[in-house]
Structure formats: C-alpha cells, structure tokens
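User: Let's go through how some labels in this model were assigned. Please give the cut-off along with each value.

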Amino acid sequence: MSTTLAPWSGMVPVEDTALYVTDTGGEGIPVIYCNGQFATIGYWKNVLDELGSDFRHINFDERARGKKSLKSADYSFEACMRDIDAVLEARGVTGKVLIVGWSYGAFLAATWASRNPERCIGAVPVEGAEPHDWLDDAMEIRIRKLFKRLAPVTAILRPTGLTPKLSASQQAECNIELGKISRKANLGPVLDAITVPTRYVLASGVSLGSKGDEQEKIRAAMGEVVERNPNIKVFAKVASNHDWILKKDFKAVADAVREVAELGDTGR
C-alpha cells in the first residue's frame, strides 16, 4: 500500500534528471502508466477518466518529455525501466501495482511485469511489445531519415511539450534500440517469463512511419506468444490505428485493466 493517499503532482529527482509525476491518490489499486516513446501523460486522460476513482493512477513524463521533465545523459530503455522503480519509490508504493503501457510503454510494461512478478498485479500492453524482427539496415536508414525530416516540426512544437527535448539523432537512436529489443530472440524470452495476468489491446491499421501491412505483420506475432504462455491473452483488437487507440478505444483499454485487476493478486 501507499504511504501517501492524497492527490499530488510534482517533480521526482532521478539520477541526473527529474521527472514530472502525477498521482491521483485514493484507496484504489495503484496503476502506473508508461507512455509512448515521445508521448506525454496527457495521452492517458480518457483511460483515467473511464477507470475513475476505483484505481490510484500514477503517471509521469519520461526524461525530456512533456513540458516539465528534464533532460538527461541517458535515454536508454534501461534508464526508462529504472524510472518506473524510482517513481514508485518516490510515491511510497510498496505493495503490488498494475502496470499499463502504450507503444514504447508497452515494452516497458511487459518487461517490468516479467522482471518483477512479486510486485506486479498484472500488465496491460497496448499496441506494443510484440516480438518481431522488423529492424534491418534499410529500416535504420529509414528511421534516421524520418526523424531528420520531422526535426523542423518537432522544434516548433517543443515549447508546448507535445514533442520531446531530444535531437533528431537521439530520437532515431531510441527507436533503433527499440527495434533491437523487439527481436524475437530478445523479447520472446521476456514474454515467456511473464507469470502474472497480461492482457494485450491491439489496434488496426498503420502508425506514423509504417507502410502497408508492416504493422499487421508485427501484431500477428502475438499468436505464437499466447500459445506459449497461458498468462498472456489478446484482450481486444480494436478499429482505431496505433496512434489514436488511447483516444478512440480507451474503453477497451480500461476494460482490460479491470480484467487484470480482477484476475491478479493485489497483495493488499
């Protein structure tokens, strides 16, 4: 259980940076949310509203994301994993939590659930954490070109917090690292080791930077995953695409959270 139940928002120091964190407090099951690679806590608004006060919602902007989280010398996946633990510790959460993540955050949620079964009620990965070998030399080149092309737009939007305080090169490297993490040889064993209830919510259609049926080929990888691990199921595949799922199909995400909460050991 938490030692602090009142609503709170503020900065949490972590290593060489500080993260903006919001915590609704209350007596509900703690849920921590992991954002998309360059997204912010605002993406979760509809999900939080749908779930309401039955849950304690802990949300944070990753390093150099949003208006307030500060820059860092380390934007790696493992740094993001450490941030989850740092935020939970800072908010006094010592019992079990339910972890939810979208896109890049889905990889964080699934990995954290795999590594921390004693602390995890369960996980809801949304449109991410599907093991697939999508990264090759040609894709690396495409990724670098994409972020270089987007650089003028991201620079204009940066003061609003809608785009990260990372250079085009840093954004590309984060995406390329994720491609390596996604490979079957790397992500497959992580998912196979999950022992807590895990419910995926998948979208349809393309995402920013994808072409043709690339996204559907990635999602198809979940068939083998659920066959190997009975703790993992695809809860829903919804009509909206990757980029709009939290806005248009937030009810499916919220329902998946409720199911995991019912199935999991809350340890409370």
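Analyst: Buried means under 20% relative accessible area, and exposed means over 50%. Keep in mind that this is a predicted model.

User: Why is Arg56 called buried?

Analyst: Arg56 has a relative accessible area of 1%. The cut-off for buried is under 20%. Therefore Arg56 counts as buried.

User: What makes Asp23 and Arg56 a salt bridge?

Analyst: The N to O distance between their side chains is 2.3 Å. The rule asks for a Lys or Arg nitrogen within 4 Å of an Asp or Glu carboxyl oxygen, so the pair qualifies. Asp23 lies in strand S2 and Arg56 in strand S4, so the bridge ties together parts 33 residues apart in sequence.

User: Is Asp23 buried or exposed?

Analyst: Buried: its relative accessible area is 3%, and the limit is under 20%.

User: Why is Glu78 called partly exposed?

Analyst: Glu78 has a relative accessible area of 34%. Glu78 forms a salt bridge with Arg115, with the closest N and O atoms 2.7 Å apart. Glu78 is in helix H2 and Arg115 in helix H3, 37 residues apart.

User: How many salt bridges does the rule give?

Analyst: The count is 22.

User: How do you know that Ile156 is exposed?

Analyst: Its relative accessible area is 66%. Exposed starts over 50%, so Ile156 is exposed. Ile156 lies in helix H4. With Val153, Leu157 and Leu162, Ile156 makes a nonpolar surface patch of about 380 Å².

Notes: Residues are numbered from 1 along each chain as its sequence is written. This is a predicted model: local features need pLDDT of at least 70, side-chain atom pairs count only at pLDDT 80 or more; totals for chains, interfaces and linings use all residues. Side-chain values use heavy atoms; hydrogens and water are left out. Patches are made of residues with over 30% relative accessible area and no salt bridge: like charges are joined within 9 Å, nonpolar side chains (Val, Leu, Ile, Met, Phe, Trp, Tyr) within 5 Å. Accessible areas come from the Shrake-Rupley method with a 1.4 Å probe; for residues, only the protein chains shown count as cover. Helices (H or I, at least four residues) and strands (E, at least two) are DSSP runs, numbered from the N terminus. Buried means under 20% relative accessible area, exposed over 50%, partly exposed in between (1.4 Å probe, protein chains only).
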